[in-house]
Amino acid sequence: MIIVKKLIKRFGLKTVLRGLDFRVERGEFVALLGPNGAGKTTFLRILASLSRPSLGRVSIAGYELPAQSAAVRRRLGVVSHMPLLYGDLTAEENLQFYGRMYNLPELPQRVNQVLEMVGLLARRRDLVRTFSRGMQQRLAIGRAVLPDPQVMLFDEPYTGLDQDASEMLDGVLRQVAAQGRTVVMTSHDLARAEGLASRFDILSRGLITASASQASLGAGNLLDFYKQALTL
Amino acid sequence: MSPQPRALVALNVVSVLLLGASYYASLVYAPLEAVMGAVQRVFYFHVATAWVGMLGFVMAAVAGIIYLWKKDLKWDAISVAAVEISLVFFFIAIVLGSIWARPIWGTWWTWEPRLTTAAILEMIYLAYLLLRQGIEDPEKRARFGAVYTLLGGISVPVTFVSIRLFRTIHPVVIGSGSAEAQGGFNMAPAMLQTMFFSIIAFSVIFVTIFWHRMRLASLANRVEQLKLKALD
Amino acid sequence: MSEKLTSARPAENYFGAVRAVAWKDLIAELRSRELLAAMLIFAMLVILVFNFALELDREARESVTAGVLWVTFAFAGTLGLNRSMAIEKDGGCLDGLLLAPVDRSAIYLGKVISNLVFMLIVEIIVLPIYYVLYNPKNFFNLGFFGVILLGSIGYVAVGTLLATMSIQSRTRDVLLPILLFPVVIPVLVSAVQASKGFLAGLPVGELMPWLNLLIVYDIIFIAAAFMFFDYVVEE
């Protein structure tokens, strides 16, 4: 589903990604972990087609980036730590807007479906400005799920969420994963990632330095694995 | 630190010599103009710097297009160098024009098309440099710079036409009727020679300064690289 | 999970996206009215300041009406352009727009339309107020309004592109007028002259050169902005 070969990203003279290799099969849920400045957000932006690779190959769902970015975008749902929502529009209007940008058929029904899925049906006519951070994040996921994407990218989705909101987010993420979508999530929160992902990759200084599946790690061993991988 | 290449050292010498020769030509060799007197001698440097400045601007725009096409930052460095030098050359041209205008038209400034367009061009140069200053990412800086030079480049001829149209409807009733021409005087052969010589001299000077500026850019680049390596 | 939902119909999508972007801006502004309020108050202040700065008798004032109005629109327009693009930048919404599987120029076009509407709304409100305050001659004529439309189109076409650049820079709001004004001078010159002509009751024939210049500028710069917009939003 996602194939990345020798990805290099430079900003002027600074090289952030140094020949990264990455591969995700259909339906996998990969947690991308790593310290600040490792390049997680840069990498996710490239996968999201928001940034161009300097060198290397990136392909999603069989389409090459950046050449076939429109095709990739149609199959992609992205949630970043910024909500990407318009505060002066209602929840409903936000979804309708994005629905129109994606040219989705049967939009009103789809919007209802999504609002229900993220538990915001009751607040559909409220301005997003009035939403708490947790609700905004849920709506942001709704926005991302709206075009029924095969691949979803989450960049630090738990940022700024309290305990309750985080638990709600857990639920939504589990739903999303259960629907068979391919998910890549970056996170600082190892505990949360452990409960959701089927595989953990460590991104450090521009390269994937370690990878382990949930099965092989066993419960509760993620922290040790992470610390070990960073000392390499 | 790499020393100046021999060709550049030679150019330095040649430039200084040509500059000196141009001074001599304008102040001594060229005959005294009957109507305007000594102040007319300013004309030679005025035309030379204006022409070369204009070529520099075209060069910046062309380098911008090539950058957008090839994405090689070298072309961006060329664009910047050309703009910086043209900025100064054009300023000199404007000041000299002003000095010339004072005794002839009785005023330091007149809103005639060429002068006004020149002033606007200077503003575009400055805006270009200000735009670049505010952007961190070198690639984005180069792209934005290129787009702005092109927009500016397209607008300048249109601006000139619009101001000329403005002036034909509101003619400048100052000094001689042909305020639009270069003060309108007949050029003796020696004057023509001096003018062309000045233009050539200043073209050589432009190339020399340009070369120095490009060296400066590449040295600054090297410093950045070394800095990054040290911090890594 | 159906493939059906993800099969877009690209050709139809373009104008749908343009409409969606423009509509979104208009609805959001209708709710908060921040942008319009700021632009209007600013415009009125500028006109007031002009009144005191240029203490003119009636006749002299007739001759500067066009200039005063256009300067007012230019400055208020800058406010609107800045605000409109800042909204996208602040919530990270620009990314949201760029994620849509539609040609980037659709975003540009949608933004131009909404920015143009805002500018026209301000103009429509300012003009009658100006009329009431100063009672200029020949005010409500079609040619005058046509010039205002043409001029606003050119201004907004270039302004939207430049605003997209300026909000991505550190100096932000300050930068837009610096980038915009030198490039938009042909519009200001032509618009002021043509407006002046219409207000003085001159026949259209005499003002054709200015109108032509405006139209040419509009066409050239809309085309250029279309070409360059991609370069200004990609990373």
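**Reading the chain contacts and local features**

Visitor: How many salt bridges are counted between chain A and chain B?

Guide: A salt bridge is a side-chain nitrogen of Lys or Arg within 4 Å of a carboxyl oxygen of Asp or Glu, and between chain A and chain B the count is zero. This is a predicted model, in which local features need pLDDT of at least 70 and side-chain atom pairs count only at pLDDT 80 or more, while totals for chains, interfaces and linings use all residues. Residues are numbered from 1 along each chain as its sequence is written, chains are lettered from A and ligands numbered from 1 in the order in which they are written, and side-chain values use heavy atoms, with hydrogens and water left out.

Visitor: Which residues of chain A lose the most area to chain B?

Guide: Begin with contact, meaning heavy atoms within 4.5 Å: six residues of chain A and seven residues of chain B take part. The buried area, which is the accessible area (1.4 Å probe) that two parts lose on being put together, summed over both, is about 540 Å² here, and carbon and sulfur atoms give 66% of that area. On the chain A side, A:F11, A:G12 and A:L13 lose the most, together 69% of what that side buries.
With Ala, Val, Leu, Ile, Met, Phe, Trp, Tyr, Cys and Pro taken as nonpolar, Asp, Glu, Lys and Arg as charged, and the others, Gly among them, as polar, the chain A side that touches chain B divides into two nonpolar, one polar and three charged residues.

Visitor: How many residues of chain C are in contact with chain A, and how many salt bridges are counted between chain C and chain A?

Guide: Here 35 residues of chain C are in contact with 40 residues of chain A, the buried area is about 3600 Å², and carbon and sulfur atoms give 58% of it. The count between chain C and chain A is three salt bridges; one of the salt bridges in the model pairs C:D95 with A:R45, whose closest N and O atoms are 2.9 Å apart.
Helices (H or I, at least four residues) and strands (E, at least two) are DSSP runs, numbered from the N terminus, and the elements of chain C that give two or more residues to the side touching chain A are α1 (3-6), α2 (10-32), α4 (58-90) and α5 (93-99). The largest share of that side, eleven residues, comes from α2(C). By class, the side has 18 nonpolar, seven polar and ten charged residues.

Visitor: What do C:E234 and A:R52 form with their side chains?

Guide: Their side chains meet in a salt bridge at 3.5 Å, N to O. C:E234 lies in the segment after α9 (204-233) of chain C and A:R52 in the loop between α1 (40-47) and β4 (55-60) of chain A, so the pair joins two chains. Over all chains, the count comes to 27 salt bridges.

Visitor: Which residues make the nonpolar surface patch of chain C?

Guide: Patches are made of residues with over 30% relative accessible area and no salt bridge, like charges being joined within 9 Å and nonpolar side chains (Val, Leu, Ile, Met, Phe, Trp, Tyr) within 5 Å; accessible areas come from the Shrake-Rupley method with a 1.4 Å probe, and for residues only the protein chains shown count as cover. In this model C:L48, C:F52, C:I121, C:I124, C:I125, C:I129 and C:L133 make a patch of about 620 Å². Helices α3 (34-53) and α6 (104-134) of chain C each supply at least two of its residues, and the largest share, five residues, comes from α6(C), whereas C:L48 lies in α3.

Visitor: How many helices and strands does chain B have, and where in chain A is A:P66?

Guide: Chain B has six helices and zero strands, and its C-alpha atoms fill a box of roughly 70 × 45 × 25 Å along the principal axes. A:P66 lies in the loop between β5 (63-65) and α2 (69-74) of chain A, and the peptide bond from A:L65 to A:P66 is cis, with omega near 0°. Another backbone feature is at A:R205, a residue other than glycine with a positive phi, near 50°, in the loop between β9 (199-204) and β10 (207-213) of chain A.
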